Amino acid sequence: QVQLVESGGGLVQAGGSLRLSCAASGRAVISYGMGWFRQAPGKEREFVANIEWTGTNTYVSDSVKGRFTISRNNAKTTVFLQMNGLKPENTAVYYCAARKFLMLSQTTAPEYDYWGQGTQVTVSS
């Protein structure tokens, strides 16, 4: 019902910034909230941030609080992840995910029903 396509990944120096985008399309897309996850080689998929389905509230994990920001456009068709002060340990494949009527408390991968293909973020030292 919902299709997600991430973009904006790439190679950046430590301390630099990158802005990821997730384009959402499909029926009743305005009823879906979205989250950002990341997965580094050999590690579990990790929650980064989410925005609840109304688009009013956001939540960012403690590990990136103050450096990363999640936002959306007014039509709720694109969600962004602004990443500042990037560190080498932030290197991972970043995924956006969606769930109908998403609440901020839903921060684990199994709680999301739709996923994008992922975009690689590499931070060099």
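1. A disulfide, defined here as a pair of cysteine sulfur atoms within 2.5 Å, joins C22 to C96, with an S to S distance of 2.0 Å. C22 belongs to strand β3 (residues 18-26) and C96 to strand β9, so the link ties together parts that are 74 residues apart in sequence. Strands are DSSP runs of E of at least two residues, numbered from the N terminus. The count by this rule is one disulfide. In general terms, such a link is a covalent bond between the sulfur atoms of two cysteines.

2. The structure is a predicted model, in which local features need pLDDT of at least 70 and side-chain atom pairs count only at pLDDT 80 or more, while totals for chains, interfaces and linings use all residues. Residues are numbered from 1 along each chain as its sequence is written, and side-chain values use heavy atoms, with hydrogens and water left out.

3. The geometry and surroundings of the disulfide may be described next. The link of C22 and C96 is right-handed, with 60° about the S-S bond. Buried means under 20% relative accessible area, exposed means over 50%, and partly exposed lies in between (1.4 Å probe, protein chains only). C22 counts as buried at 0% relative accessibility, and C96 is buried with a relative accessible area of 1%.

4. L4, placed in strand β1 (residues 2-7), is buried as well, with a relative accessible area of 7%. Contact means heavy atoms within 4.5 Å. When neighbours within four places in sequence are left aside, the contacts of L4 include both C22 and C96, and also M34 and W115. The C-alpha atoms of L4 and V79 are separated by 10.0 Å, although these residues are 75 apart along the chain.

5. S21 lies in strand β3 and counts as buried at 18% relative accessibility. Leaving aside neighbours within four places in sequence, S21 is in contact with V5, E6, S7, W36, T78, V79 and F80.

6. How many residues of strand β4 (residues 32-39) are buried? Seven of the eight are, so β4 is largely enclosed by the rest of the structure.

7. Strand β4 pairs with two other strands; two strands pair if DSSP finds at least two bridges between them. Eight bridges join β4 to β9 (residues 92-100) in an antiparallel arrangement, and W36 stands opposite C96 of β9. With strand β5 (residues 46-51), β4 pairs in the antiparallel sense over five bridges, and F37 stands opposite F47. Strands β4 and β5 form a hairpin with six residues between them, and G42 in the turn has a positive phi of about 75°.

8. A cavity is a set of points, on a 1 Å grid over the protein atoms alone, where a 1.4 Å probe fits but cannot get out; lining residues have an atom within 4 Å of a point. The search of the whole structure finds one cavity of 30 Å³ or more. The volume of the largest cavity is about 80 Å³, where a volume is the space filled by probe spheres set on the points, and grid points are joined across faces, edges and corners.

9. Which element gives the largest share of the lining of the largest cavity? That share, three residues, comes from β4. Among the lining residues are Y32, G33, M34, I51, W53 and V79. The lining divides into seven nonpolar, two polar and three charged residues. Here Ala, Val, Leu, Ile, Met, Phe, Trp, Tyr, Cys and Pro count as nonpolar, Asp, Glu, Lys and Arg as charged, and the others, Gly among them, as polar.

Notes
Helix = DSSP H or I, 4+ residues; strand = E, 2+ residues; numbered from the N terminus. 1 Å grid on protein atoms, 1.4 Å probe; cavity = no way out; pocket = protein on both sides within 12 Å on 5 of 7 lines; lining within 4 Å.
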